[in-house]
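Good morning, and thank you for coming. I should like to take you through one structure today, and I ask that you keep the sequence and the model in view as I speak.

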Amino acid sequence: MSFPTGSVSAWFGRGRGQDARLLDEWRAAPVNYTAGNSLDRFWNTDHYDVMLGKDNPDHLFERACALVMRNRFYPADVMEAVSDFSLAHRTVQKGDRVVQRIRVLSLVGLPILEVLTMNEITRVVDEADRKGFTYSTTQVHSEIGEWSPSVERHADGSVRLRIDVISRARPEMSQRSRAFTRRMQLRAHRLSILHFQRLLQNA
């Protein structure tokens, strides 16, 4: 089945509620980033290390892991997603695909312009004191790279959220589009961490 190259624009909420079908329609889209690629000046690397608190007596580590392994990060006014694991009501597995609907412009809370992208879960970490995953971009994306969230429990009982990101805009994008995309990306990173912390407090 054919798939687009780059992200797909959706105006005024077009196709909302139907994104699950894109998991199959775009399944053949290849991953366009390989870990270990050499990075030049066009690449961005972002690292976040957030102290979440102490594990006991509130089982903070388990609660944080439950959120991470279901990719519960972004508020709906930033991004919505449907995935193989969300449809199956389970945690992430390697090979799962994720379709994202990213909000670009809105008016009084209603979407004006959104872009649709697809990622693939390329790595899952399942250790006693560390859990997380990596998803990598596919050809159906405006960027190239990977995003890796994880939760770690340390010997002193502290629980930390780590997010590591490697990314660059597609080469054919204009300088203005690259700058705008980068601003949107950094805003999404910030809001995703705040949203995760709020969800964790209520978990």
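**Loops, helices and salt bridges**

His59 is placed in the loop between E2 and H2; helices (H or I, at least four residues) and strands (E, at least two) are DSSP runs, numbered from the N terminus. This is a predicted model, in which local features need pLDDT of at least 70 and side-chain atom pairs count only at pLDDT 80 or more, while totals for chains, interfaces and linings use all residues. Residues are numbered from 1 along each chain as its sequence is written, and side-chain values use heavy atoms, with hydrogens and water left out.

Although His59 is not a glycine, its phi is positive, at about 55 degrees. His59 counts as partly exposed because its relative accessibility is 45%; buried means under 20% relative accessible area, exposed over 50%, and partly exposed in between (1.4 Å probe, protein chains only). Asn71, in the loop between H2 and strand E3 (79–83), also has a positive phi of about 55 degrees without being a glycine. Asn71 is buried, with a relative accessible area of 13%.

Let us turn to the helix H2. Which residues of H2 are buried? They are Leu60, Phe61, Ala64, Cys65, Leu67 and Val68. Seen down the axis of H2, these buried residues fall within an arc of 160 degrees, so they line one face of the helix; the arc is that of the directions from the helix axis to the C-beta atoms. An α-helix has 3.6 residues a turn, so residues three or four places apart point the same way. The cover over the buried residues of H2 includes E2, strand E6 (130–137), E7, E8 and H4, where contact means heavy atoms within 4.5 Å.

Next is helix H4. Its 28 residues (175–202) should span 40 Å at 1.5 Å a residue, and the end C-alpha atoms are 41 Å apart, which agrees. The expected span is 1.5 Å times one less than the number of residues in the helix. Among the buried residues of H4 are Arg178, Gln185, His189, Ile193 and Phe196. The buried residues of H4 pack against strand E2 (44–54), helix H2 (60–68), strand E7 (143–153) and strand E8 (158–169).

Ala20 is found in helix H1 (residues 20–25) and is partly exposed, with a relative accessible area of 31%. Leaving aside residues up to four places away in sequence, Ala20 touches Val82 and Leu87.

Finally, the charged pairs. How many salt bridges does a search of the whole structure find? The search finds 21, a salt bridge being a side-chain nitrogen of Lys or Arg within 4 Å of a carboxyl oxygen of Asp or Glu. In one of them, the side chains of Asp84 and Arg27 meet at 2.8 Å, N to O. Asp84 lies in helix H3 (residues 84–87) and Arg27 in the loop between H1 and E2, so the pair ties together parts that are 57 residues apart in sequence. Asp84 counts as buried at 16% relative accessibility, whereas Arg27 is partly exposed at 32%.

Lys131 and Asp126 form a salt bridge at 2.4 Å, N to O. Here Lys131 is partly exposed, with a relative accessible area of 21%, and Asp126 is exposed, with 59%.
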